[in-house]
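Please look over the structure below before reading on. The notes that follow are grouped by topic.

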Amino acid sequence: MAKKQYAVIGMGRFGTSVAKELSIMGFDVLAVDASEQRVQEIANMVTHAVSADSTDEEALRALGIRNFDVVVVAIGEDIQSSILTTLILKDLGVPAIVVKAKNELHGKVLHKIGADKVIFPERDMGLRVAHHLVSPNILDYIDLSDDYSIMEMQATGELLGHNLRELDIRARFGCNVMAIRSESDMNISPHPEDRIEEGDILVIVGHKNDLAKLELAYPK
């Protein structure tokens, strides 16, 4: 099976991070930005780097953008350029378009014009930081929908030494432990008798209100 090819448009901090990580993972990556300086800064980290105006349909067509499996639109402050670029990519028939949104309204517009996935890096990072501030044992927090989320929680204090049956998290909080991650293993189907040990990380899914109660019940 051929490796997927990715194009990332917009070499700000977010776009640069995505392009570099995809390249490190071994994928072919095209980096695009209107700034020649930004293109030069990323050039030795990706497969190809090109200076081009992403709101110019002919420029994107000339790059063969439709041949890429996934195009990430990581344009930062310029919402108009972000929307226009997404529209052009959709018209050109790009198979999958992932777009960074500045706010909820921007995100709604992107969904309506055909973005396959809309991401909110600033909002999501703020969410994670806030949960970590409230509960330092919360390592990660990801929204699944308006009502449900997944969180990774470091097992500490009263959790240690007990198995899942004894903790009874599902009955007490309405949340499900999907996995237990240790330094050497990832248990993706934990058994009720599995005991929580020092260093374990619980991957838990549930309603946001229920997860909040669970967070506060086991502060670090």
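In what order do the five strands of the open sheet lie? The order is E7-E8-E11-E9-E10, and the pairing is antiparallel. This is a predicted model, in which local features need pLDDT of at least 70 and side-chain atom pairs count only at pLDDT 80 or more, while totals for chains, interfaces and linings use all residues. Residues are numbered from 1 along each chain as its sequence is written, and side-chain values use heavy atoms, with hydrogens and water left out.

**The sheet**
- Strands (E, at least two residues) and helices (H or I, at least four) are DSSP runs numbered from the N terminus, and two strands pair if DSSP finds at least two bridges between them.
- E7 (138-143) and E10 (186-187) each have a single partner strand, so one side of each edge strand lacks a neighbour in the sheet.
- E7 is joined to E8 (residues 148-154) by five bridges, and Asp143 has Ser149 in E8 as its bridge partner.

**The nonpolar cores**
- A nonpolar core is a set of buried (under 20% relative accessible area, 1.4 Å probe, protein chains only) Ala, Val, Leu, Ile, Met, Phe, Trp, Tyr and Cys residues joined through side-chain atoms within 4.5 Å.
- The largest nonpolar core has 22 residues, and Ile9, Leu60, Ile65, Val71 and Leu89 have the most contacts inside it.
- Helix H4 (79-92) is among the elements that each supply at least two residues of this core, and H4 gives the most, with three.
- Beyond its neighbours within four places in sequence, Ile9 is in contact (heavy atoms within 4.5 Å) with residues including Val32, Ser54, Thr85 and Leu89.
- A second, separate core of 19 residues includes Tyr141, Leu159, Leu164 and Cys175.

Note on methods: Buried < 20%, exposed > 50% of the residue type's maximum accessible area, 1.4 Å probe, protein only.
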